Amino acid sequence: MKAMGIMEEGDAVFGSNSEVNLDSQVYWWHDKYRPRKPKYFNRVHTGYEWNKYNQTHYDHDNPPPKIVQGYKFNIFYPDLVDKTKAPHYTIEKDGNSSETCIIRFHAGPPYEDIAFRIVNKEWEYSHKKGFKCTFERGILHVYFNFKRYRYRR
């Protein structure tokens with residue numbers, strides 16, 4: 001929790017209710033190490049989009065609906081067998097839904113893959129806009145915000 005900083009306005013805990021059940025697998029290392037899910041601490045960043053439509057129909061006393069603006073994933077892998085290989089994530093399609101996608105985190109033994117359903121929008125990959133993907137001290141940090149499109153005539 002210290003690594004993520006303090007909870008800002010619009011941040012909410014993003015947890016076990018958004019976790020996606022993956023097909024159970026038999027791993028080559030299951031007899032040596034007991035496979036287990038990693039611990040995680042995630043947040044979803046929500047806020048208001050003050051576009052022209054929302055500016056004319058809403059105000060600060062009656063705000064527009066909140067939208068998801070980004071995510072912060074912290075996944076803990078303290079007991080990795082091969083510490084030279086960093087965990088990684090992949091984005092997968094979510095069945096028939098174009099609104100959401102699945103982000104899957106893979107680390108290796110003794111951890112099983114873990115996946116979450118997230119909003120399917122284009123990411124902002126700039127470090128200045130909040131993107132972070134690092135693995136340090138046994139914690140995988142993946143932070144990203146979504147691109148914000150400005151309407152121009």
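## A proline loop to start

Pro110 sits in the loop that runs between β6 and β7 (114-119). The peptide bond joining Pro109 and Pro110 is cis, with omega at about 0 degrees. Keep in mind while you look around that this is a predicted model.

Another loop worth a visit is the one between β9 (132-136) and β10, where Arg137 has its place. Arg137 is not a glycine, yet its phi is positive, at about 50 degrees. Is Arg137 buried or exposed? Its relative accessible area is 80%, and because exposed means over 50%, Arg137 is exposed.

## The overall layout

Stepping back, the protein is built from one helix and 10 strands. Read from the N terminus, the order of elements is β-β-β-α-β-β-β-β-β-β-β.

The protein has 153 residues, and 36% of them count as buried. It exposes about 10,800 Å², of which carbon and sulfur atoms supply 51%. As for contacts with a separation of 6 or more, 62% of them come from residues 24 or more positions apart.

## Asn54 in the helix

Helix α1 covers residues 52-57, and Asn54 is part of it. Asn54 has 11% relative accessibility, so it counts as buried.

What does the side chain of Asn54 have beside it? A polar atom of that side chain lies 2.6 Å from the backbone oxygen of Glu49. Leaving aside residues up to four places away in sequence, Asn54 touches Glu49 and Pro64.

## Thr100 and its partners

Next comes Thr100, found in strand β6 (residues 97-106). Which side chains make polar contacts with the side chain of Thr100? One is that of Asp94, at 2.5 Å. Another is that of Ser97, at 3.3 Å.

If residues up to four places away in sequence are not counted, Thr100 touches Asp94, Arg117, Ile118, Val119 and Asn120.

## His141 in strand β10

His141 belongs to strand β10. With a relative accessibility of 3%, His141 counts as buried, because the cut-off for buried is under 20%. The side chain of His141 makes a polar contact of 2.5 Å with the side chain of Asn74.

## The largest pocket

Now for the open space. Rolling a probe the size of a water molecule over the atoms shows where empty space is left. In this protein, the largest pocket holds about 760 Å³ of space. Its lining is made up of 31 residues, and those nearest its centre are Gln69, Asn145, Phe146, Lys147 and Arg148. The elements giving two or more residues to this lining are β3 (39-47), α1, β4 (67-76) and β10 (139-146).

Which element gives the most to the lining of the largest pocket? That is β4, with five residues. Sorted by class, the lining of the largest pocket has 13 charged, 11 nonpolar and seven polar residues.

Notes
Residues are numbered from 1 along each chain as its sequence is written. This is a predicted model: local features need pLDDT of at least 70, side-chain atom pairs count only at pLDDT 80 or more; totals for chains, interfaces and linings use all residues. Side-chain values use heavy atoms; hydrogens and water are left out. Helices (H or I, at least four residues) and strands (E, at least two) are DSSP runs, numbered from the N terminus. Buried means under 20% relative accessible area, exposed over 50%, partly exposed in between (1.4 Å probe, protein chains only). Contact means heavy atoms within 4.5 Å. Accessible areas come from the Shrake-Rupley method with a 1.4 Å probe; for residues, only the protein chains shown count as cover. A polar contact is a pair of N or O atoms within 3.5 Å; within protein, one must be able to donate a hydrogen and the other to accept it, and residues adjacent in sequence count only if both atoms are side-chain atoms. On a 1 Å grid over the protein atoms alone, a cavity is a set of points where a 1.4 Å probe fits but cannot get out, and a pocket is an open set with protein on both sides within 12 Å along at least five of seven lines; lining residues have an atom within 4 Å of a point. Grid points are joined across faces, edges and corners, and a volume is the space filled by probe spheres set on the points. Ala, Val, Leu, Ile, Met, Phe, Trp, Tyr, Cys and Pro count as nonpolar, Asp, Glu, Lys and Arg as charged, and the others, Gly among them, as polar.
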